[in-house]
Amino acid sequence: MATDLQNLIGANEDDDEEEIDMDVKGEDNEDQVNGEKHIAAQMMLGADGVTTSTSGQFQTQQQLQEQVSTPGGGARRSRPLEEKERTKLRERHRRAITARILAGLRRHGNYNLRVRADINDVIAALAREAGWVVLPDGTTFPSRSQGSRPAGGTSAGMTSSPSQIPSQQAPPTSLQGVSSGYCTSVEYNACHMKGVFLPTPPPYDLSSSAHSQSSDMAGNGGERSESLPLIAGSMEAINDKQLIGLPPKLPERDFAGTPYVPVCVMLPLGVINMKCELVDPDSLLKQLRVLKSINVDGVMTDCWWGIVEAHAPQEYNWNGYRRLFQMVHELKLKLQVVMSFHECGGNVGDDVCIPLPHWVAEIGRSNPDIFFTDREGRRNTECLSWGIDKERVLRGRTAVEVYFDFMRSFRVEFDEFFEDGIISMVEVGLGPCGELRYPSCPVKHGWRYPGIGEFQCYDQYMLKSLRKAAEMRGHNYWARGPDNAGSYISHPHETGFFCDGGDYDGYYGRFFLNWYSQVLVNHGDLVLSLAKSAFEGTCIAVKVFTGCTKHRVMLPN
């Protein structure tokens, strides 16, 4: 293998030597051609600067041709050997630098470069990375959603099919090349090459003023033509003309590479009362107009399960939310809606009380194990236990079926708001406070910061899942929660489970923590898969709690 590798390296070096020799010979040929041109020029002029006679021209031309054709003639300049060696050294140095650049791009940048790639391949790869289209013949132009590019030498456009550029993947449409004023082709190209983006009016509201400030569709020199908005468009300078391409529609939430950040304001928790009515429509309308006046993009509101499906299973009342959404729509604002499957109240800062549906509370009185339970048997009614996600204990339905029916009813009820793009995002509640976490730190059960809280796995359905997992591992005695994990206000070093070298790092501890965390992950996967089915084509978000920090995560459609 070592011999083969040495032969391969030697072959590559021989190839480099051949290429370098070809470069040097090319330079010699160029010098020869330049010498012939110089002699021909001298031949056409006489000593006094005037044209010589025809016979003199013929004799001089014949002599020069003999000199050129003679290997030792004075017209052909032979390159010194030292200069050729210096040329070879410079070429080797350049190739070594190129090889290091290519190796780094392949290793760290995942660039698909061939083994014998040169600097042109590097430039093309970097241009494609920046969102440009590079054709095999070297033609380069900005990418546009229509796939059109300028034809050479004209200002007309032609369509490039995917088969013509198989290696090029179109980047997601964004506000590239957005301009708020007229600029010359030189100014535009300078801004585009540096990645400078000029501020624009909000993409959600294209008023008449925004139209008047937009750039021209085609400009020749300082002239202007029809004024059109530049939203998610691209522009090129061809033959001193500016061409602008506009995609048919601005994709929702695609602001990559732009300074624009959409802003939505959270509405008060009690904007809808328990009868599903707007509490103060006139005051709310004034507040919404104020938000509109300061160019806020939209508002965010909770759709409470305990309000909409309060009295009986699958009996939904959306009246208050419909009136609210209509007001938002009339003001041309966007809506972000939260599917809230938890109760409101009982936490720090809560001044509104919205419990779970009454019929769920009735089931809980006869079967309290539908709620999360700690080691002491205290129930947490903030949300349903994940142990009943697949248990038909809610009037013949499982918990995830209840969530899905609620989301599907919302999607059907407000179909026109989805179709018109008014509802731009749906956030799905996955636990207490709508977050994907266990209710391990309830203030009403005595938790105080910085206590570690308690495990919430002692309802019969969670213990059933734990027992099944322990049996699969062949350790039935592991079907229990830790008995040395402390209380709500304990510190880690005060417990036998979480202290350094504690049980958490033993066989049982690892098994229990893996099962406990997997139940959380399975719950999130199950609910979000149903949410994706209910809100197909709409941006979906969730709140994830890590330590003491809350994160909102946007999921792909």
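Which residues does Thr398 touch, not counting residues up to four places away in sequence? The contacts, meaning heavy atoms within 4.5 Å, are with Ile388, Asp389, Lys390, Glu391 and Arg392. Before going on, a word on what you're looking at: this is a predicted model, where local features need pLDDT of at least 70, side-chain atom pairs count only at pLDDT 80 or more, and totals for chains, interfaces and linings use all residues. Residues are numbered from 1 along each chain as its sequence is written, and side-chain values use heavy atoms, with hydrogens and water left out.

Back to Thr398. You'll find Thr398 in the loop that runs between strand E11 (379-384) and helix H11 (399-413); helices (H or I, at least four residues) and strands (E, at least two) are DSSP runs, numbered from the N terminus.

Follow the chain into H11 and you meet a helix pair. The axes of H11 and helix H14 (residues 507-534) come within 9 Å and cross at roughly 25°. Axes are lines fitted to C-alpha atoms, for helices over the stretch in contact, and angles run from 0 to 180 degrees between N-to-C directions. On the H11 side, the contact involves Val400, Tyr403, Phe404, Met407, Arg408 and Arg411, while H14 brings His523, Leu526, Val527, Leu530, Ala531, Ser533 and Ala534.

Now hop over to Tyr321, in helix H9 (residues 319-330). With a relative accessible area of 0%, Tyr321 is buried. Leaving aside neighbours within four places in sequence, Tyr321 is in contact with Ile272, Cys276, Asp302, Cys303, Trp304, Ile307, Val308 and Phe414. The C-alpha atoms of Tyr321 and Val308 are separated by 9.2 Å, and the two residues sit 13 residues apart along the chain.

Finally, the cysteines. A search of the whole structure turns up 0 disulfides, a disulfide being a pair of cysteine sulfur atoms within 2.5 Å. Take Cys344: the closest cysteine sulfur is in Cys353, 7.5 Å from its own, which is too far for a bond. Cys344 counts as buried at 5% relative accessibility, whereas Cys499 is partly exposed, with a relative accessible area of 21%.

Note on methods
Buried < 20%, exposed > 50% of the residue type's maximum accessible area, 1.4 Å probe, protein only.
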